[in-house]
Every structure is written in C-alpha cells, then in structure tokens.
Amino acid sequence: MANSDLSIKDLRAGYGTLDILNGVDLDVPAGQFVALMGPNGAGKSTLLKTLYGMTTIKGGIIEWQGRNIAGYKSRAILGEGISFVPQGRCNFPVMTVDENLQMAAYTIRDSRVKADRDYVYDLFPILKTRRSTLAGNMSGGEQQLLEVAMAVLQRPKVLLVDEPSVGLSPAAIHIVFDELLRLHAAGQTILLVEQNTKKAMEVAERAVILRLGKVIWDGLPKDITHDELGELFLTGKMRGENEAVH
Amino acid sequence: MSLADTAQQIRRRDLRLPLVAALLVVALAAPFIGSRYVTHSLIIALIFMLPAHGLNLLVGYTGLLSLAQAAFFGIGAYTAGLLAVHYGTPFYVNAAAAGLLAGACALPLGVPALRLRATSFVMCTLGFVIIGQAIAKNWISVTRGDMGLSAIPKPHFALGPLSFTVSGTTSFYYMALAIGALATLAVWMIVRSPAGRNMIAIRENETLAESLGVPTWRYKLIVFIISAVFAGVGGSLYAHYLTVVSPLTFQMYYSTTMLIIVLGGGAGTISGVVFGSLLFVGLTEALRITPELRMIAYGLCLLVLVFWFKKGFAPVINRFWDLIGGTK
C-alpha cells in the first residue's frame, strides 16, 4: 500500500459508553475525493471525529503511513498530516482573516508562516481581499472558506471536512464546493461529510454510504440514482437486493 | 470652500495627542488641583487598578471568570505588611515578595481548578477567598487574627546611601501613579504579543485553539498566575498606604469590586479598566463624604451599566477616541 493511503479496518468508536461506529471498513487512496453520506445518526461526523482523535475508540485500526494512529490525540494527528474542518462556525470571530490564519499556523515554524499564508491566499483569492476583515463580519460562505483555508494552511495530506454547507445560502454553498474541487484538482485527498447529497454526488469522485455505523454502499456517484440513495438511507437496502454491501 | 467642507476639515483634525497630553497633565497635577481627599480617592483607584488589570487578563482576554482576586490581593497585603513590620525591608522588596508569593499561591490553586469547567472553576476560586480569610483570622501567631496588622510603615526606599520614605499623600499618589502606569504598560505589552493573541483565541474558541495546537491549559495557568502577581503587588500598595491589614482584605466585596471594574469598564480593553477603576473605586471612595448617597450612586452606576452599556464603557471610550481622531 502506498504511504499516503488511509486504511480503516473494523473501526468501532463512540462517545463514552455510546457506540456509534460498529465496524467501519474503508480505504481512501491518496488524492481521492470521497463523500460520506447517510441518514442522521449513521455515524458520518463521528467517523471524521474518530479519525481526528475526538471520540472514544473501542476497537479497530486506522492505518496511516504504516502506523496505527487509532487513539492518537488530535494534536498528534494534525502532526501526522490530517486536518479537520469541524461542522458549524469554527473560527475566531473577533480576529481578522489574517490573524485567524496566523493562529492556524500555530504549529508551523515562524519563518514559514508568511510563505504559507501567501500560499493559502493564492488558493483562496476571496480571502486575500478580506485579509483585514474581522472573521465574524464576513458572510457564512466566506467564514466557511476561511475555516477550510485554516485547515489547508497546515498542508495536510488528508483534509476532513464536516458538512461545509450547513447554514449557507445556495450561492455560498456553490463557492465552497468550487474551492473544494479546486483543492482536489491540485491533488488534495478529501474526506467530506455532507447532508446535501445532490451537491456531494456532483463533486466527489466516490460515494460511501453509512447506516447505523457501518458502510452499506461504496461506489461511483454515477452508479446510484437519487431514488436508490433515498431507499438506501431509509431501509439500508436497494430494490432487488437483499444486502447492499458491495 | 463651503461650510460643510470646513466642518469636515475641523473634524478630521487629530485631537488624540492633545487629549493624551491633557490627561497626562491632569494626572500629574491632580494632587494640586483637587483636595487631599480627591488625591486619596485617586490613590485607592490606582491601587485597585492593579488587581483589576490582572483580572482583565484572565476574564477579559482569556475568558476565565475568577473570584479569587481578593485572596491574592490579601496575600500580597499580608506579605508586604509582615515583611515591613518585622524586617523593615524596603518597599520594592515587599512589593516583589507580595507579587511572587501571590503568584506562587496561584499555582497550587490553578493546577487542579483550571481542569474544571467554567462554573466549577468559579466555585473553586470563591472557596479560595473564604479559606484565605479563615487563615488570616485564625493563624493568630502570624496574622494577629481579627486585630490585624497595624503600624505598617509608609513605603521606604533604600538604594545604597540613598534612602527616603514616601510619607505624604501627594508623594504616595505619584508612586501609585508610576506603578499603575507600569502595570498598564505591562498589560498592553502582554496583549499585543503573540501570547495575547493566543489568549484571545482561547477566549473565543478554546476547542479550536486546542485543536490548532495552542497549549490552552498551560496558557490559562500562566495567565492565572500573572493575574495573581498583579493582585499581590496591588495588595502591597494597599498595606503600605492604609498601614493596616485585617482579614477584611480577603472579602468577596473586593473580588466583586475588581470584577465590576473589569466588566463595567469593558472586559478585554485596557482603557476600560483604567476608566472603571476611576469610576467604580475613585468615585465611590470620593462619595464617602455622603454615606447615604454613596451606595445609591453606586447602585445607579450599575443600573446604568446593565441597561445601557452591556459591554462596559469601553465601546463608548473607543468611539470617542475614533471621533477625536477624525477617523469616523
């Protein structure tokens, strides 16, 4: 297996005594854009949080660069090259865009910070024009972009993005997803959790559907229709199939 | 040129420097402008400004509510008082020892308490004040209990052959003013540094700061200790000014006064704390001449604050600052 592939085997995790993930198996090759979908409570966000060391792991393996990183703390995982953009507003509203990016560069050595900010501004020209604006004064879409930029500043090998479309206008959603596509085109591995299945199917090159803490479908977005997707969400099965796991 | 243009130009003139200069002159000339009683009130305000500055770093910049400030103030007052009474050490030694001991006491409180969530942390700090007062009352062999320490000498400086005592109200005022200015400068330097930005990050979103790699717990502990040092130094001034220290120094009333200075002045702003000290301590001290009106005036101040200035007076000060600077 190549070094920058992420391989999850029989991952079981949850919060305290509550189990959410009941044996997730998933391989994410480097450079892939994967959309994680599923009904509420399927464990999509929990899977991202578990990968970022924010849940209680009950068993299984997260293999990354030849090591099992299951049980690592968030900061160590960040150091391993995995960044996380949490759901909802997650920036420092009373700081400017520039200061937010400086905070995001906390673990990066000083001499490189400036260069890295320029790199991020090149990636997100919208932010460059807003660099002196207080994050809290920007639109939801711009704030979401800032949050993605804060994660990208760490130059992650894998970017975990949790529901970037929450609370955004359709136009803002469009901008955010466009930027994710551009990042992916530049070679970024992305693991995206998204409720907006239509949008997620448009941008991702692979769709993974979770239900009750397990992967129940894994394939190309073009291989599944919206009706079939709805059916999977509701029943866990596709028409004409007894068990939908591929 | 139309009248409006002229008005515009007048408004654009930057009046900030003249204002700062004027305030500086007033501050320096205060003992000669007002009565001795006004000077006394200003000294009390300057003394309370120190723990308030420390508390502002904690509450205003790092987002941690603490009620322990009176305890550190008391520890500082007793430390300076005991040193001065028993060993006759110079003021700067007493003040440094007061700050250091208060900071040292913050460590064993902060280590367990800062692991707790917001409300539990506040309760811990409240308990610390009560314990402090109990010790001051009951460790009679050292603190003389309720009798308190009396006859604490006025601040005494000794550097080689040079030695002098700050005996009068006016000279004490200048000493307090200098220390207050230094403390203000120190806070300004702290909050302008990268550490200051990390403190604000913790206040704004601790989880995010932590996930970005900021050692949030260590930051909170260090700020807690620094805030205690400020309170300790303030306590040493208090002991040397009043020349008496009693267990009443450890009272919740002082903690709340310090909190009102910070929240009323404007948490997370330096000008707010300076203004708040003058308003909530200086003014109420000056109103002691009319004891009946004093608490009514204080209460009215708080009501005005709660209804019209929810973020303290700092936003008003900032707007005024921009206005005279001609930027808005």
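Hi everyone. Let me start with a stretch of chain A: A:Lys44, A:Ser45, A:Thr46, A:Leu47, A:Leu48, A:Lys49, A:Thr50 and A:Leu51 are the buried residues of helix α1(A). Before going on, please keep in mind that this is a predicted model.

Now let's step back and look at chain A as a whole. DSSP runs give us nine helices and 10 strands here. The radius of gyration is 18 Å, close to the 18 Å from the globule rule for 246 residues, so chain A is as compact as a globular protein of that length. Of its 246 residues, 43% count as buried. And for contacts in chain A with a separation of 6 or more, 66% come from residues 24 or more positions apart.

Next, a pair of helices in chain A. Helix α6, residues 140–152, packs against helix α7, residues 170–185, at an angle of about 20 degrees, and their axes are 8 Å apart. Angles under 35 degrees count as roughly parallel, which makes α6(A) roughly parallel to α7(A). Their crossing is right-handed.

Which residues meet there? From α6(A) we have A:Gly140, A:Gly141, A:Gln144, A:Leu145, A:Val148 and A:Val152, and from α7(A) we have A:Ala172, A:Ile175, A:Val176, A:Glu179 and A:Leu183. Sorted by class, this contact has seven nonpolar, three polar and one charged residues. As a reminder, an α-helix has 3.6 residues a turn, so residues three or four places apart point the same way.

On to chain B. Here we find 15 helices and two strands. Chain B has a radius of gyration of 21 Å, close to the 20 Å that the globule rule gives for 328 residues, so this chain too is as compact as a globular protein of its length. Its C-alpha atoms fill a box of roughly 80 × 55 × 45 Å along the principal axes. Of the 328 residues in chain B, buried ones make up 43%. Among contacts in chain B with a separation of 6 or more, residues 24 or more positions apart account for 77%.

Chain B has a helix pair to show you as well. Helix α3, residues 36–61, and helix α11, residues 216–242, have axes that come within 7 Å and cross at roughly 170 degrees. Are they roughly parallel or roughly antiparallel? Angles over 145 degrees count as roughly antiparallel, and α3(B) and α11(B) are therefore roughly antiparallel to each other. The contact between α3(B) and α11(B) is made of 19 nonpolar residues, four polar and no charged.

Finally, where do the two chains touch? The contact takes 13 residues from chain A and 10 residues from chain B. On the chain B side, the elements that give two or more residues are α9, 194–204, and α10, 206–211. The largest share of that side comes from α9(B), with four residues. By class, the chain B side that touches chain A divides into five nonpolar, three polar and two charged residues.

That's my tour of the two chains.

How values were computed. Residues are numbered from 1 along each chain as its sequence is written. Chains are lettered from A and ligands numbered from 1 in the order in which they are written. This is a predicted model: local features need pLDDT of at least 70, side-chain atom pairs count only at pLDDT 80 or more; totals for chains, interfaces and linings use all residues. The radius of gyration is taken over C-alpha atoms; the globule rule is 2.2 Å times the number of residues to the power 0.38. A residue is buried if 20 or more other C-beta atoms lie within 10 Å of its own, exposed if 12 or fewer, and partly exposed in between; C-beta atoms are placed from the backbone. Two residues are in contact if their C-beta atoms, placed from the backbone, lie within 7 Å. Axes are lines fitted to C-alpha atoms, for helices over the stretch in contact, and angles run from 0 to 180 degrees between N-to-C directions. Angles under 35 degrees count as roughly parallel, over 145 as roughly antiparallel, 65 to 115 as roughly perpendicular and the rest as oblique. A crossing is left-handed if the near helix is turned anticlockwise from the far one by less than a right angle, and right-handed if clockwise. Ala, Val, Leu, Ile, Met, Phe, Trp, Tyr, Cys and Pro count as nonpolar, Asp, Glu, Lys and Arg as charged, and the others, Gly among them, as polar.
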